[in-house]
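Visitor: I am new to this model and would like a close look at a single part of it. Please begin with one residue and then lead me on from there.

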Amino acid sequence: MTINPEILSDIRLFDLLDSDDRQLLARVIESLELKPGELLFEKGDPGDCLYVVESGRIELSIMNFAGERIV
């Protein structure tokens with residue numbers, strides 16, 4: 001599913017893109033909807049993509065050496 005290119009105009013990372021470039025980028029972006037508590041990625045996954053949160057919140061956490069979860 002394609003996203004609305006205007007969403008990209010609100011993101012500073014894409015400030016220098018003109019309208020045509022935003023439309024081209026929007027065509028290759030995959031939209032993903034997560035349920036609360038659903039895992040997006042985990043330690044060790046390849047860093048081959050960029051996530052943009054359109055709405056909601058993402059919580060990042062990792063386990064330390066003592067087995068405690070750090071948020």
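Guide: Leaving aside residues up to four places away in sequence, L17 touches R22 and L25, where contact means heavy atoms within 4.5 Å. This is a predicted model, in which local features need pLDDT of at least 70 and side-chain atom pairs count only at pLDDT 80 or more, while totals for chains, interfaces and linings use all residues. Residues are numbered from 1 along each chain as its sequence is written, and side-chain values use heavy atoms, with hydrogens and water left out.

L17 lies in the loop between α1 and α2, the latter spanning 19–28 (helices, H or I, have at least four residues and strands, E, at least two, as DSSP runs numbered from the N terminus). L17 counts as partly exposed because its relative accessible area is 26%, a value between the limits for buried (under 20%) and exposed (over 50%), with a 1.4 Å probe and protein chains only.

Turning to another residue, R69 has its place in strand β2, and between R69 and S19 there are 50 residues in sequence and 42 Å in space, taken from C-alpha to C-alpha. Again without residues up to four places away in sequence, R69 touches E59, S61, I62 and M63. With S61 there is also a polar contact, side chain to side chain, at 3.2 Å (N or O atoms within 3.5 Å, one able to donate a hydrogen and the other to accept it).

As for confidence, the chain has a mean pLDDT of 90 (the predictor's confidence in each residue, from 0 to 100), and 99% of its residues reach 70 or more.
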